Amino acid sequence: MSNPTPKTVVLVHGWSVHNTDTYGGLPLRLEREGINVEHVWLGKYVSFRDEVHVDDLARGFEHALRRKLKDLLARGERFACITHSTGGPLVRQWWDEYYHRPGRPCPMSHLVMLAPANFGSALAQLGKSHLSRMSKKLFEGVEPGSGVLDWLELGSPKAWDLNQRWITGYGDPTEGVDPVFPFVLTGQTIDRKLYDHLNSYTAEMGSDGVVRVAAANLNAVYVRLEQPAPGARDASGLAVAECCTAPQTVFGVIRGRSHSGTNKGILRSIPSNPRTRHPTVLAVLRCLRVKTAAQYKSLRKKFEEHNEEVRKAERVEVERRGILPARKHILDSGTMVIVRLRDDQGQAVEDFEFTLTGPRGNPDMLPEGFFLDRQRNSRRHNILTYYLNHHRMMGSGPVHYEDKGRRKKLRDPIQAAPGIGLRVVAKPAEGYVHYTPAQLGASMKNLGRFLGQDETTLLEIVLRRNVREGVFALTKEHGPEEFKNQAKGRVLPPKEM
């Protein structure tokens, strides 16, 4: 398994797909583009049944590989995998469960993810009935399955666990004897023909109409904030207990590509004709040609430069509307922060108020228009996902557009926020067991720590569970004694094991 050059490619589609035509012309292009691909396998997995979960699909993927690619694997050869949408986290789950955690060499050498929902999709919470109607237009699919949707919902426990392990426990997967080269390629274009007027997420800034760019990107951060023990000088202050950055992953923004559709879809729009240049095909081929960690690092830097060119070129979208005046959309970048609250005993804290703050703890000191969306996980109420405007928070130069050959200003420069902090008020706030308010003071350092451009931060906040000595008492009085209103007493010291 020492040869990283793949001759076999496995394609894995996205959620709610039931026909292999979803791969467009990519299978034929891979066989004709002169990169020595000899075998292309098309994945066919069932995502539209409620009883099917991502774990089940990972198990099925492993079994299918062992059956169909057994000769290749027996020879010690490796394969490349190209995924779309939900296929990305599905294959990552397989990689994590069957190879990374057991410490086994992975038979996959390249993982090229197109528009992957690595941190989920805001659309997943809409519910089966709504998504079933939308899927005919956005996903080319059938009745959606709730088992996969549960994973795709922003902040789901399964997605959190997989992504936290990726950030904190993988190291650099491109190093070693059997390296795995991961790539994320996504678009940020909205196909207005697929826009659903009943749901603004399908035209959300910083997304491809289904998945936010920040939710696709694997360059992410995990931060754990902890509240000090009772009696500390500042018992309400939160301190950074852990801050980890994910392995640096090749990340490319493909110009003019949306999530779905035969017109602009990052996958479905690929023609089979090899003489037709297509940005997705060109990017995929660059990824598959990587053979070493040094080449991977070089390609990552090239894509970073390319991304800035794409962001500049797509800064303003002019939407033509026939005889009506054209609409001009400023495309700022987004940043996602997924917040999970628990206490120091490991219990989820679900009843709380969470506020982002500026200097002096004042939310009004944050920039106008910085807030884009907030979504609480429907199954785990201790998890909130914030979607913020990166340019509003970090500052931006003036925005111009071309109109009949003339350069016109659309927006004045924006000053960076003076800092960002947070405040948490959890309940119960009093009683035999309670929580005290906690806060993190606003600072410029927090801006850089939490708000990466087109990136996601997993922010875990650990509160002290205050237990008072009155919760349990002993007495020598043998006569009847009412203790319903027993004195609460002082807060017990930290738990001793």
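Predicted model: local features only at pLDDT ≥ 70, side-chain atom pairs only at ≥ 80, totals over all residues.
## Basis

Local features need pLDDT of at least 70, side-chain atom pairs count only at pLDDT 80 or more, and totals for chains, interfaces and linings use all residues. Residues are numbered from 1 along each chain as its sequence is written, and side-chain values use heavy atoms, without hydrogens and water.

## Surface patches

Lys44, Arg67, Lys68 and Lys70 form a positive patch. Patch residues have over 30% relative accessible area and no salt bridge; like charges are joined within 9 Å, and nonpolar side chains (Val, Leu, Ile, Met, Phe, Trp, Tyr) within 5 Å. A salt bridge puts a side-chain nitrogen of Lys or Arg within 4 Å of a carboxyl oxygen of Asp or Glu. Arg67 belongs to helix 2, residues 54-68. Helices (H or I, at least four residues) and strands (E, at least two) are DSSP runs, numbered from the N terminus.

Val471, Phe472 and Leu474 make a nonpolar patch of about 390 Å². Accessible areas come from the Shrake-Rupley method with a 1.4 Å probe. Phe472 sits in the segment after strand 21 (466-467). Phe472 counts as exposed because its relative accessibility is 63% (exposed is over 50%, buried under 20%, partly exposed in between).

## Buried residues

Thr280 is in helix 9 (residues 279-288). Its relative accessible area is 1%, so Thr280 is buried. A polar atom of the Thr280 side chain lies 2.8 Å from the backbone oxygen of Ile266.

Gln188 lies in the loop between strand 5 (181-186) and helix 8 (213-216). Gln188 is buried too, at 11%. Its C-alpha is 20 Å from that of Glu153, 35 residues apart along the chain.

Note on methods: Lys, Arg positive; Asp, Glu negative; His and termini not counted. Charge placed at Lys NZ, Arg CZ, Asp CG, Glu CD. Buried < 20%, exposed > 50% of the residue type's maximum accessible area, 1.4 Å probe, protein only. Polar contact = N/O pair within 3.5 Å; in protein donor to acceptor, adjacent residues only side chain to side chain.
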